[in-house]
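Here are my notes after a look through this one.

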Amino acid sequence: MHNIDHGPEVNENLHGDLAEHQAGHNEATPLIQPQVVQRPWSKKQQATARIQYLVLCCSIFLIGWNDGSPGPLLPRLQKVYNLDYAAVSLIFVFSCVGVVFGALVNMPLNERFGFGKMLVFGSLLQVAAFGMQSLALPFPHFVASFFIGGAGMAILDAHANGFVAAMHSETKMGFMHAAYGVGALIAPLCATQFAALPHWSFHYLVSLMLALSNTLLLVFVFKFARQDECLRQAGQLVTSKGEVDNDDTKFMELFRTKSVHLLALFLAVYVGIEVTIGAWIVTFMMVVRGGGPSSGYIASGFYGGLTLGRVILLWVNKQIGEARAVYVYTLFAILFQLVVWLVPSIVGGAITVCMIGILLGPMYPIVMNHTSRILPRSLVTASIGWVSACGAAGSALLPLLTGRLATKYGIASLQPFLVGMMMLMAVLWYMVPKKPQRSG
């Protein structure tokens, strides 16, 4: 364990604060509480905390890049492999299965190997997936790579969210997920260029370089250490976990807790909507609205709005409360989605899609913060892992359903489907408890 000597006076204060923190926060206490203020104790710890946070932002950026890549490439994939909407949607099927698999194996593997090793493992899975995709293999092999990438994405997403939730900062959570939006914003710009080139799969060479860089950063910064050790190095107060951390007991509690499943369902629908818009709006604009290849930039506009919303609406979240903000954002998102559906304008549709991105943007970090508020702290890390993994599963499932509907009814079915899913999202949020819950 890495220990830093701050001298007698600082150490005395540190032990006193830690004792006070432990006395007031047992395993049944929600992780985020407004009266708890935790700050690094030295400049070295402050620097460590910043570096750790920025590297995790890079991992979330990579997940956003992964989600933002398929949209502009879908028409090219259909042409190269001679696929209909349903067949090309198999990339989402395999991604969904990979995400669920990654979420399930993450829990036991994390207990055995720890935070730092699992982060690197998740990143290496994405390296393998992007490497396979860059080779433009026959479609069965190409689509299988999305299973590997999905598993890696689930592992990275779970651990990044769990770590930042333990840092007790809603602002940091918001900015970290803005990094997702930046990745998803830039990826379509890159993919749109490669989609028009003979070597379209070279887009995934760029993805491969990013994934390799991310892996090296994770190794260098976290050094395969466990989460509590990394948090202590960053100056966070970490309480002892006690007997409640028995693996079987924790997982039984997790899956008996109704709040966890409601949050997971909400996030699955939310992330599914987000990725469905990014993946299919380009095809919709080209086929239904008569747009050209430059329609790929509309996906970037959506993800740009997503990024912007996670930053500029932080103030609104604090003013009206995060729980109430979700209702407001959902209502206006539905209204804007109706405009995209009913007003036959490419320019108007592009602007409106960007506005929808702004409104949807804050919801993911809000859910992560809310999870930490209402659940017992002994379940927070595992719960965030499961909830975020279910969100990633939704990112594969809803685009898949969209492809199935488009095959049967045409791509115009995208818009009523999105409106219906947004309404379902509002209902699910109404069902999510807003006060701290006990497990069971």
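**Notes on the model**

1. Let's start with His 159, which lies in helix H7, residues 139–165. Bear in mind that this is a predicted model. The relative accessibility of His 159 is 6%, so this residue counts as buried. Leaving out residues up to four places away in sequence, His 159 touches Asn 106, Asn 110, Phe 115, Met 118 and Leu 119.

2. Now the overall picture. The protein has 19 helices and zero strands. Of its 440 residues, 58% are buried. Among contacts with a separation of 6 or more, 85% are between residues 24 or more positions apart.

3. Helix H6 covers residues 115–134, and its geometry checks out: 20 residues at 1.5 Å a residue should span 28 Å, and the end C-alpha atoms are 29 Å apart, which agrees. H6 is also mostly covered, with 15 of its 20 residues buried. Have a look at what follows H6, too: Ala 136 has a positive phi, near 50 degrees.

4. Back to H7, this time for its packing against helix H9, residues 203–222. The two helices pack at an angle of about 35 degrees, their axes 14 Å apart, and the crossing is left-handed. On the H7 side the contact is made by Phe 142, Phe 146, Leu 156 and Phe 163, while H9 brings Tyr 204, Asn 214, Leu 218 and Phe 222.

5. How many aromatic pairs does a search of the whole structure find? The search turns up 17.

6. Two of the ring pairs are worth a click. Phe 61 and Trp 65 have ring centres 6.4 Å apart and planes at 35 degrees, so their pair is tilted. Both sit in helix H2, residues 43–68, and because they are four residues apart there, about one helical turn separates them. Trp 65 has a relative accessibility of 3%, so Trp 65 counts as buried. Then there is the pair of Phe 266 and Trp 429: with ring centres 5.0 Å apart and planes at 50 degrees, this pair is tilted. The pair links distant parts of the chain, Phe 266 being in helix H12 (residues 258–287) and Trp 429 in helix H19 (residues 414–431), 163 residues apart. Both Phe 266 and Trp 429 are buried.

7. Trp 429 shows up again with a charge over its ring: the charged end of Lys 434 sits there, 5.1 Å from the ring centre. Another such arrangement involves Lys 223, whose charged end sits over the ring of Phe 220 at 5.2 Å from the centre.

8. Last stop, Asn 66. Is this residue buried or exposed? Its relative accessible area is 15%, and the cut-off for buried is under 20%, so Asn 66 is buried. Asn 66 has its place in helix H2. Leaving aside neighbours within four places in sequence, Asn 66 is in contact with Gln 126, Phe 130 and Met 153.

Methods. Residues are numbered from 1 along each chain as its sequence is written. This is a predicted model: local features need pLDDT of at least 70, side-chain atom pairs count only at pLDDT 80 or more; totals for chains, interfaces and linings use all residues. Side-chain values use heavy atoms; hydrogens and water are left out. Buried means under 20% relative accessible area, exposed over 50%, partly exposed in between (1.4 Å probe, protein chains only). Contact means heavy atoms within 4.5 Å. The expected span of a helix is 1.5 Å times one less than its number of residues. Rings of Phe, Tyr and Trp (its six-membered ring) pair if their centres lie within 6.5 Å; planes under 30 degrees apart count as stacked, over 60 as edge-to-face and the rest as tilted. A charge sits over a ring if NZ of Lys or CZ of Arg is within 6 Å of the ring centre and within 35 degrees of the ring normal. Axes are lines fitted to C-alpha atoms, for helices over the stretch in contact, and angles run from 0 to 180 degrees between N-to-C directions. A crossing is left-handed if the near helix is turned anticlockwise from the far one by less than a right angle, and right-handed if clockwise.
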